[in-house]
Amino acid sequence: MSDTPVPILMYHSVATAPNDATRALSVGPEAFAEQMALVGDLGLTPVTTADLAARWRTGSPLPARPVLITFDDGYEGVHRHALPVLAKHGFPATLFVSTGWIRGAYDTGGGLDTMLDWRQVHELAAAGVEIGGHSHTHPQLDQLDDGALHRELARCTDIVRDELGARPVSFAYPYGYSDRRVRRAVRENGYAQALAVGNALARRRQGPYALRRVTVRRGTGVEEFERLLHGRAIARTFARDRVLTQGYALVRRARQVRRKAIRSRV
């Protein structure tokens, strides 16, 4: 069975003038258009998260040179700027929404910049964008207790189902953070696959609940973007990110141990 490495591109905001909170992980509209044109010129075949995972799960052959285009959180620029470019090329994509950040009846006010509203989410879905879950309020899921974890997942799932008429089947972990308990909860909540970050190409052997992605940022030039698509020099490109992630992981593990110790004394 094929274990062909697949680039899964992780975007966030697509904006001309992002705010300070989203700037580093935003991409300008012109840069996004140039990147999608390159995907087409190189002969890559974009697929949705659900399609890739289903093919790996069933052993069905992958299309020629597959690539995934994914967006996290639910920023308004995905509709304003990204959708026309995707439509021009006929590219499918996946949008992972934090339902409490989408403008409308369920808005908790936590969105970091101008967010999509539910009409725009409907239009994205109608245009062939897969809508996946990304929790309700975008917390670090592995830092939650079991009850709060279940509520975050169930609330997100229920809102997407009620709004779009179909249960979401793909999930992306906020901040990329997960552990065995979180992955089990995501599976038990009905998701068939989930994406992390990892800044590496995705492979079937990673398992359906820990598929890795590569981050596209405002500083990602076209040459670096092409290297990401080919899987070249990824370790070097994200070397600093890995050092920071490893350091923060130690802090997070220490917090988890401390919380467990406190709960055991109560």
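A: Begin with the inventory. This is a predicted model, and its chain holds nine helices and ten strands. Of the 266 residues in the chain, 48% are buried. Among contacts with a separation of 6 or more, 65% join residues 24 or more positions apart.

Q: What is the average pLDDT of the chain, and what share of residues score at least 70?
A: The average pLDDT is 90, and 87% of the residues score at least 70. The stretch 242-259 has a pLDDT below 50, and the model shows 17 contacts for this stretch beyond near neighbours in sequence.

Q: How should I treat such a stretch?
A: Where pLDDT is low, the predicted coordinates should not be read in detail. The 17 contacts of residues 242-259 belong to a stretch with pLDDT below 50.

Q: What about the interior? Which residues touch the most other members of the largest nonpolar core?
A: In soluble globular proteins, nonpolar side chains tend to be buried together. Here the largest nonpolar core has 37 residues, and those touching the most other members are Leu-9, Tyr-11, Phe-32, Met-36, Ile-69, Phe-71 and Phe-225. Helix 3, residues 77-89, gives the most to this core, with five residues.

Q: Which residues is Ile-69 in contact with, leaving aside neighbours within four places in sequence?
A: Ile-69 is in contact with Leu-9, Tyr-11, Met-36, Pro-46, Val-47, Leu-86, Phe-91, Pro-92, Ala-93 and Thr-94. Another core lies apart from the largest one; it has 15 residues, including Leu-144, Leu-149, Phe-171 and Ala-194.

Q: How do I describe the packing of two helices, for instance helix 4 and helix 5?
A: The axes of helix 4 (residues 118-126) and helix 5 (residues 146-164) come within 11 Å and cross at roughly 70°. Angles of 65 to 115 degrees count as roughly perpendicular, so helix 4 is roughly perpendicular to helix 5. Helix 4 contributes Trp-118, Val-121, His-122 and Ala-125 to the contact, and helix 5 contributes Ile-159, Glu-163 and Leu-164. By class, these are five nonpolar, one polar and one charged residues.

Q: Is His-136 buried or exposed, and where is it found?
A: Loop residues are read like any others: take the accessibility, then the contacts. His-136 is in the loop between strand 7 (129-133) and helix 5. The relative accessible area of His-136 is 10%, and buried means under 20%, so His-136 counts as buried. Leaving aside neighbours within four places in sequence, His-136 is in contact with Ser-98, Thr-99, Gly-100, Trp-101, Tyr-106, Thr-108, Glu-152, Arg-155, Cys-156 and Ile-159.

Q: What does Leu-141 touch beyond residues up to four places away in sequence?
A: Leu-141 touches Ser-135, Leu-149, Glu-152, Leu-153, Phe-171, Pro-174, Arg-181 and Val-182. Leu-141 also sits in the loop between strand 7 and helix 5, and is buried at a relative accessible area of 0%. Leu-141 and Arg-181 are 40 residues apart along the chain, with their C-alpha atoms separated by 9.6 Å.

Q: Where is Tyr-173 found, and what is its relative accessibility?
A: Tyr-173 is in the loop between strand 8 (170-172) and helix 6 (180-188), and is buried at 0% relative accessibility.
A: Phi of Arg-65 is near 50°, a positive value. Arg-65 lies in the loop between helix 2 (49-58) and strand 5 (66-73), and is partly exposed at 38% relative accessibility. His-138 also has a positive phi, of about 65°. His-138 lies in the loop between strand 7 and helix 5, and counts as buried at 9% relative accessibility.

Q: Which residues does His-89 touch, not counting residues up to four places away in sequence?
A: His-89 touches Met-36 and Ala-37. His-89 is in helix 3 and is partly exposed, with a relative accessible area of 27%. The C-alpha atoms of His-89 and Met-36 are separated by 7.8 Å, while the residues are 53 apart along the chain.

Note on methods: Residues numbered from 1 in each chain as written. Predicted model: local features only at pLDDT ≥ 70, side-chain atom pairs only at ≥ 80, totals over all residues. Heavy atoms only, no water. Axes fitted to C-alpha atoms, helices over the stretch in contact; angles between N-to-C directions. Helix = DSSP H or I, 4+ residues; strand = E, 2+ residues; numbered from the N terminus. Parallel < 35°, antiparallel > 145°, perpendicular 65-115°, else oblique. Contact = heavy atoms within 4.5 Å. Nonpolar A, V, L, I, M, F, W, Y, C, P; charged D, E, K, R; others polar. Core = buried A, V, L, I, M, F, W, Y, C linked by side-chain atoms within 4.5 Å. Buried < 20%, exposed > 50% of the residue type's maximum accessible area, 1.4 Å probe, protein only. pLDDT = per-residue confidence, 0-100.
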